[in-house]
Amino acid sequence: MKFFYIIIFFFISNLVSANEDDNSGVEIINLYETKSLDQMVLENLNVEGDIEIEEGSNDIESVIKSTVDSEQNDNNEQEVKQIEIIKDNFIFKNKVKDLKNYFDNLQKINSKTLQKQIIEVLENLQIDLEIEQDQEIFFLIVNYFKSIGQINKSYDLIEKYELSDDKNYNFYTGIKLNYLLSTYQLNEACNFKEELNSNLKLDYFFLEKLDIFCLILNDNLSEASLLNSILIESENNLDNHYQYLFSLITNSQDQLSNEKQNNNFGINSELIFLYSAMTRIAELPFSHEFYEIDKKNLSIPIILNQASPIDLRIKAANDSFLENLITVNSLAALYMSADFNSDQLNNPKETIDSFSDNNELSMAFLYQLVNIQIFPDDRLNALIQFWDFAKNNNLEEIAYKLSINMLSSIDATSDNIVYGTQIASAYIFNNDFDSAIKWIELYENAKEIDSKSIYTRILLDLYSSNDLKTFINSINLTLNTYTYDQDNKNAELLFVLKSVMNLDINSDTNIDLDNIFDIRSMPSIFLLNEISNSIVKNDDEKFLFYSLISINDRDWNNIHPEHLKLILNGYLKYKDGELFRNLILEIFKNYKFII
């Protein structure tokens, strides 16, 4: 029965695609790829940002190559300027000890825009490994990338340099091996291990354990068993989890007692990527607890492990998609791989209720439910249900991205216009601004301007404005029509934005004597002073580091308004305001001012 539904889904997708107007700004979800999910994920792992695929195109590789070439050209154009100024960079002015403290205080940047920015700054540093200080800085950067769940960035950076004589070569070797294991490039990992100097040692007998694993992969079980016996005698603290996995993939389960047959027994967090590769070979599922050990770095191994629970794989895929690690194509393929029977699909309300708090299964089910609808009205109703559920669980960006193929089949009827703002939002997230404007205007003509249409226009301003001045003018006009509520929780946000952007909007400044003190703490006066000075002196790098330190492990709505005002004033000037628009979008979403 599920096969029948999938056939219907393919038919509908073809029908929708055939009726779509050409739009180079629309990303087409193509599930007709002959490539496996593994290939789709790994090919796009290191390609950041939105990838636009022309309708009918099956050549994802060419799109990726074009994206990479474009990024390379941009880097080449900037290289000369960077080399000229780099040694005056804030990073190189600091002692290594101070830099280590900085990186320790940049571990939890909740802003995706600013996290991406600090990564770009660090990636583009011109490092000279002949200089001892540069060697130390390079080590700190590679370690920082790994610590924030960007082991792929660590790997990319390592591959740019010859490091065989570096004092931290052992560390870099471990990074490279872990990356290859995490992306299931086992042949490459084993070959690289064979190239290493036999005197090289890594902690926790990593190389020895990898050597045994590679022997198993080459079907040399007798030698693997012999080396494993030596390993058991050599380890002071036996790695029981490794031994458990070894016993499973060699069919020698008598090595462990039954009470230790537990997939989460004695996990060493430093060896999780080796464990992940062995777990997949053993055709064992990962657990939610295993994922929590290192969510960002383990997301790809879990997505690729077909034995793992589908809800865990979808959870990892959702996180990876929001971090730009996988494309919408890969995400859609995984959503469609969830197995629902005909009874579940024919009784959606009971099915959703049965999933209880399992958001991942609910999202996959609702997505498939949309795709099996034959009639446009039924498809729209299913879409609205999908979007509403996603919005209630902070997954609306994913839902809108997944919905692009269905949007053009929605007719502008009197019954459908009531959903105009939601349809417009979906178009906005997919960068089809003309269609978004059409639906907003249809909604406002039928329903008049209300909070829903205002919020959607703000979203449109944030995504579609071509430059900072245009954006500020647009946001000023939109907020001008905003009906101010004295008790609105966003009052202080509007007050801050009015000051920072010099907006001509209503803003309540009345003192609430029931709330005289603000419990949100402020950074130290010395840190605030450094941030202020860096803004005045246009010292972008210094401002970036100190501002990020001041908001580490904080959401925007938990930052004191005076602190927020200072930060926004700085990013209004930082690199001519190129990050400002995205920051305002983040802040609006964090304050629940918009979706």
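This is a predicted model: local features need pLDDT of at least 70, side-chain atom pairs count only at pLDDT 80 or more; totals for chains, interfaces and linings use all residues.
Local features need pLDDT of at least 70 and side-chain atom pairs count only at pLDDT 80 or more, while totals for chains, interfaces and linings use all residues. Residues are numbered from 1 along each chain as its sequence is written, and side-chain values use heavy atoms, with hydrogens and water left out.

**Exercise 1**

Task: Describe how helix 6 and helix 31 cross, and list the residues that meet.

Solution: 
1. Locate the helices, which are DSSP runs of H or I with at least four residues, numbered from the N terminus. Helix 6 covers residues 112-123 and helix 31 covers residues 540-550.
2. Take the axes, lines fitted to C-alpha atoms over the stretch in contact, with angles from 0 to 180 degrees between N-to-C directions. The axes of helix 6 and helix 31 come within 11 Å and cross at roughly 135°.
3. Helix 6 and helix 31 are therefore oblique to each other (under 35 degrees is roughly parallel, over 145 roughly antiparallel, 65 to 115 roughly perpendicular, the rest oblique).
4. Apply the contact criterion, heavy atoms within 4.5 Å. L114, Q117, I118, V121 and L122 of helix 6 meet E541, L544, F545 and L548 of helix 31.

**Exercise 2**

Task: Which residues touch the most other members of the largest nonpolar core?

Solution: 
1. A nonpolar core is a set of buried Ala, Val, Leu, Ile, Met, Phe, Trp, Tyr and Cys residues joined through side-chain atoms within 4.5 Å. Buried means under 20% relative accessible area, exposed over 50%, and partly exposed in between, with a 1.4 Å probe and protein chains only.
2. The largest such core has 172 residues, of which L122, F386, W387 and Y571 touch the most other members.
3. Not counting residues up to four places away in sequence, L122 touches I91, F103, I141, Y144, F145 and F545.

**Exercise 3**

Task: Work out how helix 20 and helix 21 are oriented.

Solution: 
1. The axes of helix 20 (residues 348-355) and helix 21 (residues 359-371) come within 9 Å and cross at roughly 165°.
2. Helix 20 is therefore roughly antiparallel to helix 21.
3. On the helix 20 side the contact is made by P348, T351, I352 and F355, and on the helix 21 side by L361, S362, F365, L366 and L369.

**Exercise 4**

Task: Is L579 buried or exposed?

Solution: 
1. L579 lies in the loop between helix 32 (561-573) and helix 33 (580-590).
2. Its relative accessibility is 8%, so L579 counts as buried.
3. Leaving aside neighbours within four places in sequence, L579 contacts T113, L114, Q117, Y571 and Y574.

Key:
Helices (H or I, at least four residues) and strands (E, at least two) are DSSP runs, numbered from the N terminus.
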